[in-house]
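Me: I would like to learn how to read aromatic ring pairs in a protein. Could you walk me through them with an example?

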Amino acid sequence: MTIAGEGNRINSHTTLYGVIGDPIHHSKSPIMMNRAFRETGINGAYMAFHVTNDQLSGFIAGVRAMGIRGVNVTIPHKLDVMELLDEIDDGARTLGAVNTIVNNNGRLTGYNTDGIGYVRSLKEEAVSSLEGKRIVVIGAGGAARGLVYALSGEKPGRMTIVNRSVSKAAELAETFSSRADIAALPLESLKDACQDADIVINTTMIGMYPNTAASPLDASWLREGTVVSDIVYNPLKTKLLQEAEERGCIIHGGLGMFIYQGAYAFEYWTGKPAPTAAMREVVMDALLGQA
Ligand code: NAP
């Protein structure tokens, strides 16, 4: 039986990996990670496991019992899984969520690769250094937490979090205030914030399939040359990015964040560099195939 494509045969030495969530069967992680194993010649198999809240502790006991080497964690388990692990990496503890578990002989360590994956993607694909940059982050939910944590480690000039519920933006700004100059503003201030920004990042789901006609801002607020980034990757080019491109902005889509959060997980599990080009290719094919 071949699970990860030609050349990746399951045998009694195969190491098991997987992703848990509820729902989970929309996830592109299995095709991406199995392609990465095939590309690097690692004898691994990566599965999607539908795990509900009441099954979470049983699943983690199973990880220990079965020797599952690595697990990615998605909604709704990123917070609750933390208390079931032996150790939490500093970054994941600070931002308060785990999306990657490494199993070292039964000792489970939690990491968060979402924010660092996003920053690696932004720097490789759009802007090589974030030092001194004025960054506007729209949204203050779970994804924004990881981003703000990782961005605040890049010596930005100033960060502004703009959110519909301004109290959540203020709480996020306060959490990371020792790492960077971070302000919180209500959505009504987004126009002014955009006009004074080097980089504008959408971390809300506005514009995500099926609501592809929506955008979190009026493109006339954007200055030419501003980097406009959207963490939504379905569609690959959101309305925000289409309009920003027409305004002469440098655009950056959300696919890279997905690829690089997976790349870091792969590297933590295997100690080998992730084959990011192959990972991107297989996910792009899957997304274009379903469009
Ligand atoms: P979340 O925790 O539910 O946060 C959602 C955020 O969007 C909140 O700040 C919320 O504001 C805001 N928001 C939602 N609807 C809005 C509206 N109509 N008008 C204004 N603001 C609105 O969600 P999340 O986990 O952060 O995920 C957000 C998006 O990121 C999703 O589309 C997800 O698919 C995407 N994502 C992408 C990647 C990737 O790898 N590229 C990774 C993670 C997430 P309030 O606080 O006021 O409710």
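Reply: Here we look at ring pairs, and then at the ligand. Keep in mind that this is a predicted model.

Me: How is a pair of aromatic rings described?

Reply: A pair of aromatic rings is described by how far apart the centres are and by the angle of the planes. In this structure the count comes to nine aromatic pairs. Take F37 and F266: their ring centres are 5.7 Å apart and their planes meet at 35°, so the pair is tilted. Planes under 30 degrees apart would count as stacked, and over 60 as edge-to-face.

Me: Which parts of the chain does the pair of F37 and F266 tie together?

Reply: F37 belongs to helix α1 and F266 to helix α9, so the pair ties together parts 229 residues apart in sequence.

Me: Are F37 and F266 buried or exposed?

Reply: F37 is buried, at 0% relative accessible area, and F266 is also buried, at 0%. Now try Y111 and Y268: with centres 4.6 Å apart and planes at 40°, the pair is tilted. Y111 sits in strand β6 and Y268 in helix α9. Y111 is partly exposed, at 21%, and so is Y268, at 31%.

Me: Which residues do ring pairs link into a cluster?

Reply: The cluster holds Y17, F37, Y46, F266 and W269.

Me: And what surrounds the ligand?

Reply: There are 21 residues around the ligand, A143 and N163 being among the closest. Helices α5 and α9 each supply at least two residues of this shell. A side-chain N or O atom of S165 lies 2.5 Å from an oxygen atom of the ligand.

How values were computed:
Residues numbered from 1 in each chain as written. Predicted model: local features only at pLDDT ≥ 70, side-chain atom pairs only at ≥ 80, totals over all residues. Heavy atoms only, no water. Near = heavy atom within 4 Å. Polar contact = N/O pair within 3.5 Å; in protein donor to acceptor, adjacent residues only side chain to side chain. Helix = DSSP H or I, 4+ residues; strand = E, 2+ residues; numbered from the N terminus. Phe/Tyr/Trp six-rings, centres within 6.5 Å; stacked < 30°, edge-to-face > 60°. Buried < 20%, exposed > 50% of the residue type's maximum accessible area, 1.4 Å probe, protein only.
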